[in-house]
Amino acid sequence: MRICVFLSAADLDDRYTRPAREFAKLLGKGGHTLVWGGSDVGLMKVVADGVQEAGGRLVGVSVEFLSAKVRPGVDEMVIAKDLAERKKLLLEKADAVVIMVGGTGTLDEATEILELKKHGHTEKPVVLLNTAGFYDGLKEQFRRMEDEGFLPRPLTDLVFFAEEPVGALAYLEESLGTR
């Protein structure tokens, strides 16, 4: 599988890096490809390191204004002209999406894929990895959107909430029949 991971490039503490590293090792050991923002800093570096060390492939999609931070030695690196093109390329190159902890950029990427799914423009499986309860508030907001009629499809059709890395990968493998 080619798994797009949306996540932060910030340097974060162990409660976030440990599960990210665990997911990366599972991805690499499974022979999967990481499709990610291409940066060699912060949590993006942690995940890329873990995938590469475990034997997985790396496909990066960076953007011109961040090109100084791209990871060397990857299987493929594309530099997009802007963030909109980057998101489009990330999704085109992936079979599935995992949303990890992150800031406004990660939230933007997450809502874009969910909007595409909501309108039937993609059926790629999407997992929100709720590390250390980071997305508890967002999960509650999504449920409210569903309960109050803002979502034309059930929330479970749009996104799977995983509390642990092993559950995230198991859901993707089952969804895509690679298990």
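Modeller: Before we look at any residue, buried means under 20% relative accessible area and exposed means over 50%, with partly exposed in between (1.4 Å probe, protein chains only). This is a predicted model, in which local features need pLDDT of at least 70 and side-chain atom pairs count only at pLDDT 80 or more, while totals for chains, interfaces and linings use all residues. Residues are numbered from 1 along each chain as its sequence is written, and side-chain values use heavy atoms, with hydrogens and water left out.

Colleague: Why does threonine 33 count as buried?

Modeller: Its relative accessibility is 8%, and since the limit for a buried residue is under 20%, threonine 33 belongs in that class. Threonine 33 lies in strand β2, where strands (E, at least two residues) and helices (H or I, at least four) are DSSP runs, numbered from the N terminus.

Colleague: What is threonine 33 in contact with, leaving aside its neighbours within four places in sequence?

Modeller: Taking contact as heavy atoms within 4.5 Å, threonine 33 touches Met1, Arg2, Ile3, Leu27, Arg57 and Val59, once those sequence neighbours are set aside. Within β2, Thr33 and Val35 point one way and Leu34 and Trp36 the other way, and all of them are buried.

Colleague: How do you know that β1 and β2 pair?

Modeller: Two strands pair if DSSP finds at least two bridges between them, and β1 and β2 have three bridges, in the parallel sense. In β2, threonine 33 has arginine 2 opposite it. From β1 the chain crosses through α1 to β2, and this β-α-β crossover is right-handed, a term used if, with the strands pointing away from the viewer, the path from the first strand over the helix to the second runs clockwise. On the other pairing, β2 runs parallel to β3, and four bridges join them, with valine 35 standing opposite valine 59 in β3. The unit made by β2, α2 and β3 is also a right-handed β-α-β unit.

Colleague: In what order do the strands form the open sheet, and what makes β4 and β7 edge strands?

Modeller: The seven strands follow the order β4-β3-β2-β1-β5-β6-β7, with parallel pairing. β4 (76-80) and β7 (160-162) each pair on one side only, and they are the edge strands. On average, neighbouring strands of this sheet are turned by 20° against each other, direction ignored. Helix α2 packs on the sheet, where it touches β2 and β3, and its direction makes about 160° with that of β2; here axes are lines fitted to C-alpha atoms, for helices over the stretch in contact, and angles run from 0 to 180 degrees between N-to-C directions.

Colleague: What makes α2 mostly covered?

Modeller: Nine of the 12 residues of α2 are buried, among them Leu43, Met44 and Val46. What covers the buried residues includes α1 (14-29), β2 (33-36), β3 (57-63) and α3. Just after α2, glycine 55 takes a positive phi of about 95°.

Colleague: Why is the pair of phenylalanine 134 and tyrosine 135 called edge-to-face?

Modeller: Rings of Phe, Tyr and Trp (its six-membered ring) pair if their centres lie within 6.5 Å, and planes under 30 degrees apart count as stacked, over 60 as edge-to-face and the rest as tilted. A search of the whole structure finds four such aromatic pairs. In the pair of phenylalanine 134 and tyrosine 135 the centres are 4.9 Å apart and the planes stand at 85°, so the pair is edge-to-face. Phenylalanine 134, at 36%, is partly exposed, whereas tyrosine 135, at 6%, counts as buried.

Colleague: What makes the pair of phenylalanine 142 and phenylalanine 161 tilted?

Modeller: Their ring centres are 6.5 Å apart and their planes are at 50°, so the pair falls to the tilted class. This pair links distant parts of the chain, with phenylalanine 142 in helix α5 and phenylalanine 161 in strand β7, 19 residues apart. Both phenylalanine 142 and phenylalanine 161 are buried.
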